[in-house]
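Dear colleague,

I am passing on a structure for you to look at, and my notes on its aromatic side chains follow below it.

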Amino acid sequence: MPLVDLARDPTFTSVNPDNYLYVLTRDLFPRLWDSGQIQIKTIMQIGGLQKTSLIDYPGKVSGVIFTAGCNLRCGFCYNKELVTEIDKKKLIPESEILSYFKKRSKILDAVVITGGEPTLHRDLSEFIEKIRALGYLVK
């Protein structure tokens, strides 16, 4: 099955369905796309990590993951640098995040995923399953 690895595409900045690669692939190869023979592989764009929080998951000691990217521009946003000024060089690799939480499993109870806007990431549910497999509650 052909796979497009967007992690290696320097022009790719969002997993938004309006992204050029998604649209181009879907429109040029509709039968292959609809049959599932072509898939676009995306990665979680993680812009930050708060290693310990006592307030983000009530009653639990948690870590907080901040995803990059958002489709809104709220005036009250407290993470603007994760929304409009995404520096791909500063993104934290998923493997590094998972490694951190693996080491902290006896200290932390839960993981909070916030943003940016986490639901824009196509592989959010897959990422959550990886966190849960380490024994964490996820919010």
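**Aromatic rings**

Tyr-100 is buried, as its relative accessible area is 14% (buried means under 20% relative accessible area, exposed over 50% and partly exposed in between, with a 1.4 Å probe and protein chains only). This is a predicted model, in which local features need pLDDT of at least 70 and side-chain atom pairs count only at pLDDT 80 or more, whereas totals for chains, interfaces and linings use all residues. Residues are numbered from 1 along each chain as its sequence is written, and side-chain values use heavy atoms, with hydrogens and water left out.

The structure holds 2 aromatic pairs, where rings of Phe, Tyr and Trp (its six-membered ring) pair if their centres lie within 6.5 Å, and planes under 30 degrees apart count as stacked, over 60 as edge-to-face and the rest as tilted. The ring centres of Tyr-100 and Phe-101 are 5.1 Å apart and their planes stand at 75°, so this pair is edge-to-face. Phe-101 counts as buried, at 0% relative accessibility. Phe-101 also forms an edge-to-face pair with Tyr-136, at 5.5 Å centre to centre and with 80° between the planes. Tyr-136 is likewise buried, at 5% relative accessibility. Through these ring pairs, Tyr-100, Phe-101 and Tyr-136 are linked into a cluster.

Best regards
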